[in-house]
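Here's a quick tour for anyone meeting this structure for the first time. Have a look at it, then read on.

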Amino acid sequence: MNVLKKIVCVCMALLISCFTLSLAASAEQLSVGNDVLDARFLDGKCPGELDYVYFEPDIKPGEKYPLMIWLHGAKSGDKPRAQLDWYRFSNWASDEYQSRFEDAEGAYLLAPRSSKDISHNWNETISSDLKQTIDYFISLHPNIDTSRIYISGYSTGGSMTWHMVTRYPDFFAAAMPI
């Protein structure tokens, strides 16, 4: 019973932290608008797998950069780039947010889209497709520090985050399901 209480307390603390952080982040005044931030993202597709949008920081030769992966919620992947519309993930491409990545001067941002599911939801049947897409993206960007790969998601994206870290426990440095 004590273990269950600890799990509930940790989950509640995470939920409160996430809610507080999202309020603080949405209240922060960024130096550029959403349309400018969205335009910083490029389109990509893993051959035969999922499409995605991504941001690449200003790369310095020989430097390594973390990778932050965002998984959208239910039905938020109904069209290409939709994963940027719903949750303002593109805020992480702002100079203000990029400066928060210590020892890296920025981070890669990756937002795959669950386009293989007709309802555009994440589910465990496409977890291998998602992992293949992440691996493909990393292969294209040798400056990614594979010891600092972070994954987060909202709603079904949060469920998929849990699924990915349990299926690939040694791959991610941290996870934040919301």
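Predicted model: local features only at pLDDT ≥ 70, side-chain atom pairs only at ≥ 80, totals over all residues.

Residues are numbered from 1 along each chain as its sequence is written, and side-chain values use heavy atoms, with hydrogens and water left out.

**The second largest pocket**
- This pocket (an open set of points on a 1 Å grid where a 1.4 Å probe fits, with protein on both sides within 12 Å along at least five of seven lines) holds about 270 Å³ of space.
- Its lining (residues with an atom within 4 Å of a point) includes W92, F101 and R148.
- Strands (DSSP runs of E, at least two residues, numbered from the N terminus) β3 (65-71), β5 (144-153) and β6 (174-177) each give two or more residues to that lining.
- β5 brings the largest share, four residues.

**A nonpolar patch on the surface**
- Y154, M176 and I178 make up this patch, with about 250 Å² of accessible area together.
- Patch members have over 30% relative accessible area and no salt bridge (a Lys or Arg side-chain nitrogen within 4 Å of an Asp or Glu carboxyl oxygen), and nonpolar side chains are joined within 5 Å.
- Areas come from the Shrake-Rupley method with a 1.4 Å probe.
- M176 also lines the second largest pocket.

- L71 lies in strand β3 and counts as buried (under 20%) because its relative accessibility is 0%.

Terms used: Points joined across faces, edges and corners; volume = space filled by probe spheres on them. Patch = residues over 30% accessible without salt bridge, like charges linked within 9 Å, V, L, I, M, F, W, Y side chains within 5 Å. Buried < 20%, exposed > 50% of the residue type's maximum accessible area, 1.4 Å probe, protein only.
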